[in-house]
Amino acid sequence: MSDPSPVRPSVPVLDVWCELQCQDCRDALDDLRALRARYGDRLELRLRHFPLEKHKHSFAAAQAAEEALEQGRGWEFVEAVLGRVEELDRAGEPFLVEVARELGLDAEEFDTALIDGRHILIVDADQAEGKAIGVSGTPTYVIDGERLDGGKSQDGLRERIEQIADRLLAGPE
């Protein structure tokens, strides 16, 4: 028997709809780092994939990020790739494997994961869920049911996320 009452997570969750070939997502890195530094384990930042068709390597990059997450270094990988978007544009999948190697991840397993597509369903599910809730570009944030679009401008978004997170962490009023 299941309890029909909604269960709130033990910590607030910030879904970050991201695309690793996106300049705007790279620009958002400082905000994400600041949020992680401020909240630590009190706020779960959850990477959600929203590869855009206009970026040829974005779908492979999303799969690679899932492999990095599986190997325990997801955010490090995401930051490393976003910090070098131009290299991803030029080199594609070999660049993703190179970044994995640089971070000390199992590069052969990365290469295999990109070939066998073991993470495709996760990426597809994220993209479908994003479309269903109105995500149309990246980065887009969702916290406590509120969607904040960062594709046009990051101005004020971190502050708004902090307001919501602080309210959630303060508990019921």
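Predicted model: local features only at pLDDT ≥ 70, side-chain atom pairs only at ≥ 80, totals over all residues.
I will start with the helices.

Take helix H3 first. H3 covers residues 58–70. Two of its partners are H7 and H8.

H7 runs from residue 107 to residue 116. The axes of H3 and H7 come within 10 Å. They cross at roughly 135 degrees. H3 and H7 are therefore oblique to each other. The crossing is right-handed. Who makes the contact between H3 and H7? On the H3 side you have Ala60, Gln63, Ala64, Glu67 and Ala68. On the H7 side you have Glu109, Phe110, Ala113 and Leu114. By class, the contact of H3 with H7 holds 6 nonpolar residues, 1 polar and 2 charged. Remember Phe110 from that list. We will come back to Phe110 with the aromatic pair.

Now turn to H3 and H8. H8 spans 120–132. Here the axes come within 9 Å and cross at roughly 115 degrees. From H3, the residues are Phe59, Ala62, Gln63 and Glu66. They meet Ile120, Ile122, Val123 and Asp124 of H8. This contact of H3 with H8 has 5 nonpolar residues, 1 polar and 2 charged. Note Gln63. It is listed in the contact of H3 with H7, and it is listed again in the contact with H8.

Stay on H3 for one more residue, Ala61. Ala61 lies in this helix. Its relative accessibility is 0%, so Ala61 counts as buried. What does Ala61 touch, leaving aside neighbours within four places in sequence? The contacts are Leu20, Phe77, Leu88 and Leu96. One of these, Phe77, is 16 residues away from Ala61 in sequence. The C-alpha to C-alpha distance between Ala61 and Phe77 is 9.9 Å.

Phe77 brings us to the aromatic rings. How many aromatic pairs are there? The count is 1. The partners are Phe77 and Phe110. Their ring centres are 5.2 Å apart, and the planes are 40 degrees from each other. That makes the pair tilted. Phe77 belongs to helix H4, residues 74–82, and Phe110 to H7, so the pair ties together parts that are 33 residues apart in sequence. Are these two residues buried or exposed? Phe77 counts as buried, at 0% relative accessibility. Phe110 is buried too, with a relative accessible area of 0%.

H2 is residues 29–39, and H9 is residues 157–170. They pack at an angle of about 25 degrees, with axes 11 Å apart. H2 and H9 are therefore roughly parallel to each other. Their crossing is right-handed. H2 contributes Asp30, Asp31, Ala34, Leu35, Arg38 and Tyr39. H9 contributes Arg158, Ile161, Glu162, Ala165, Asp166 and Leu169.

Asp31 sits in H2. At 15% relative accessibility, Asp31 counts as buried, because the cut-off for buried is under 20%. Beyond its neighbours within four places in sequence, Asp31 is in contact with Gln154 and Arg158. Arg158 is in the list for H9.

Last, the backbone. Two places deserve a look on screen.

Where is the cis peptide bond? It joins Thr138 and Pro139, with omega at about -5 degrees. Pro139 is in the loop between helix H8 and strand E3, which covers 140–143.

The other place is Asp144. This residue is not a glycine, yet phi is positive, at about 55 degrees. Asp144 falls in the loop between E3 and strand E4, 146–149. Asp144 counts as partly exposed, at 38% relative accessibility.

That is the tour.

Definitions and conventions
Residues numbered from 1 in each chain as written. Heavy atoms only, no water. Phe/Tyr/Trp six-rings, centres within 6.5 Å; stacked < 30°, edge-to-face > 60°. Helix = DSSP H or I, 4+ residues; strand = E, 2+ residues; numbered from the N terminus. Buried < 20%, exposed > 50% of the residue type's maximum accessible area, 1.4 Å probe, protein only. Axes fitted to C-alpha atoms, helices over the stretch in contact; angles between N-to-C directions. Parallel < 35°, antiparallel > 145°, perpendicular 65-115°, else oblique. Left-handed = near helix turned anticlockwise from the far one by under 90°. Contact = heavy atoms within 4.5 Å. Nonpolar A, V, L, I, M, F, W, Y, C, P; charged D, E, K, R; others polar.
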